[in-house]
Every structure is written in C-alpha cells, then in structure tokens.
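Reader: I have a structure open and would like to talk it through. Can we go piece by piece?

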Amino acid sequence: GTVFGADAELAKKSTLEEILKRGELRVGFDAGYMPFEMTDKNGRYVGFDIDLAKEMAKAMGVKFVPVNTDFDGIIPALMTGKFDIIISGMTVTQQRNLQINFSDPYIVVGQSILLNKKLAGKIKSYKDLNNPKYTVVSRIGTTGEMAVKRYIPKAKYKSFDKEADGALEVLNGRADAFVYDFPFNVVFVAQHGEGKVVHLDKPFTYEPLAFGIRKGDPDFLNWLNNFLRQIKHDGRYERIYNKWMKG
Ligand code: ARG
C-alpha cells in the first residue's frame with residue numbers, strides 16, 4: 001500500500017535469514033565433475049566444492065544439506081528455491097549473470113582438450129580441430145559446449161549428459177576430442193592412465209568459478225564474499241585446495 005513499496009521491501013528476507021532459521025544450508029550441485037563434486041564408493045558426496053560447502057555451513061553454524069541436481073537445469077532449480085546456493089564449479093558467464101548473482105570467484109580455470117591418441121602430434125590447439133572431419137564432444141549446458149560452438153564451429157559437435165561419458169568417447173576412439181574444464185581433464189587422465197589420451201593442457205578460455213545465488217540478496221552476497229576472503233587467508237582454503245587439486 002505505500003507509495004514507495006516499503007512494505008514489500010521490509011517483507012523481503014535474505015536467504016541467509018532463512019538458512020539460519022531452518023538450521024540448514026541447502027547446496028545445489030551436479031555430482032560427476034571431478035574433483036569438485038563426485039559420489040564415492042559409499043554413495044557420499046565428496047570433492048573440492050563439497051568441502052567448501054561444508055566449511056560454509058560450519059561457519060554459519062548450520063547443517064550441510066546436499067541437493068544433487070542436473071547441471072543443465074541448475075539455474076532454474078535455484079530460481080525456484082530448490083536450494084539456497086549453487087556450488088557446482090559454475091563458470092561466471094555474462095549470460096548466466098543476467099539470471100543470477102555470483103559471489104567473487106573461488107578459483108579460475110579454463111577449457112583444455114583431451115585428444116584421441118591417434119591425433120598425437122597432429123593437433124596442437126583447438127584451432128587445428130576446426131574442421132568438419134573432426135568430431136568434438138563436451139557436456140550439454142556447460143562452458144565446454146559453449147567453447148566448442150564459439151571457437152571450433154566447423155567441427156562436428158556431439159553433446160553428452162555426463163562429462164565422463166564425453167571423455168570416454170574420446171578414449172574409446174568414437175570421437176576425436178573432448179573439450180572441458182582443465183581440472184576435470186587432469187583427473188580423468190590420472191584415473192585412466194597416462195598415454196590413453198593426449199591432454200592439450202594449456203587452457204584456452206578464462207573461467208572464474210563462483211557461487212551462484214538468487215538476485216536481489218545483498219546480505220547473502222556480502223556474507224559469501226567475506227567468507228571467501230577469510231578462508232583464502234587463514235589456511236582453510238589452502239587445506240581444501242591441496243587435498244583435491246594436488247596429485
Ligand atoms: N565450469 C563449467 C560450467 O560452468 C562446468 C561445470 C560443471 N559442473 C558440474 N558440477 N557438473 O559450465
């Protein structure tokens with residue numbers, strides 16, 4: 001009823017308040033993106049993002065609640081309130097940022113390439129793949145897919161529902177190259193043994209990864225950015241980083 005909509009403004013609560021009241025931090029992610037979020041032998045979620053999320057919940061004094069969600073629909077799921085925050089190795093893109101807000105980046109990665117062995121020495125960068133005789137694969141809805149469409153438009157493109165299936169397609173010789181976030185490719189090569197695929201490991205895109213939240217929530221955003229700055233300097237971030245990113 002007021003001229004400036006003050007009632008509506010007052011009624012609008014920060015997600016932070018809801019989390020504290022509920023006693024739970026609900027985190028949306030898509031397990032399968034190594035080493036950020038995976039499912040272990042016992043069905044538990046583990047990884048760099050999972051540890052960051054647990055540290056976050058601990059700092060809030062609430063329980064960590066994982067919400068495994070398909071990456072392709074993770075932004076709509078956030079927007080409709082299925083969870084409080086996306087912690088899923090999500091790259092800040094200008095397009096996504098029109099729909100949601102991002103915290104400051106917690107790590108910077110880029111796209112790299114896994115090549116089928118038979119192309120060793122023949123393909124030196126993404127530019128050499130830009131030819132209809134090559135089949136390039138990635139995962140649907142990711143920046144890997146966007147990078148192929150943008151930088152390798154002449155190659156045949158095939159998308160997969162899971163990143164591991166795309167990488168295996170190259171290992172098995174049904175595709176020539178897999179384009180995906182560098183840290184995933186490092187872990188894939190380590191798991192399947194060096195020499196099974198060729199890793200062109202110089203990232204060719206710039207991709208800050210950040211936490212995603214619903215728009216219009218400066219209180220939550222402020223908390224997240226200060227949390228990040230703090231853990232980056234008090235040893236907590238370093239411990240988690242060394243656990244997952246180093247061999
Ligand atoms: N960084 C890439 C992107 O934002 C891939 C992230 C995939 N994350 C996942 N949990 N599967 O598109």
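Reader: Which strands does helix α7 lie across?
Author: Helix α7 (residues 163–171) lies across β7, β8 (135–139), β9, β10 (177–181) and β11. Its direction runs at about 160° to β8. This is a predicted model, where local features need pLDDT of at least 70, side-chain atom pairs count only at pLDDT 80 or more, and totals for chains, interfaces and linings use all residues. Residues are numbered from 1 along each chain as its sequence is written.

Reader: What counts as a helix or a strand, and how are angles taken?
Author: Helices (H or I, at least four residues) and strands (E, at least two) are DSSP runs, numbered from the N terminus. Axes are lines fitted to C-alpha atoms, for helices over the stretch in contact, and angles run from 0 to 180 degrees between N-to-C directions.

Reader: What does helix α8 touch?
Author: Helix α8 (residues 182–192) packs on the sheet and touches β7, β10 and β11. Contact here requires C-beta atoms, placed from the backbone, within 7 Å.

Reader: What is the strand order in the sheet?
Author: The order is β9-β8-β10-β7-β11, in an open sheet of 5 strands with mixed pairing. Strands pair if DSSP finds at least two bridges between them. At the edges are β9 (156–160) and β11 (197–200), each pairing on one side only.

Reader: How many bridges join β7 to β11?
Author: There are 4, and the two strands run antiparallel. Leucine 114 stands opposite histidine 199 in β11.

Reader: Changing topic, how far apart are the centres of the domains?
Author: The C-alpha centres of domain 1 and domain 2 lie 27 Å apart. Their contact takes 11 residues from domain 1 and 12 residues from domain 2.

Reader: Where do the domain bounds come from?
Author: From an automatic or database domain assignment, with domain 1 as 13–108 + 207–245 and domain 2 as 111–200.

Key:
Contact = placed C-beta atoms within 7 Å.
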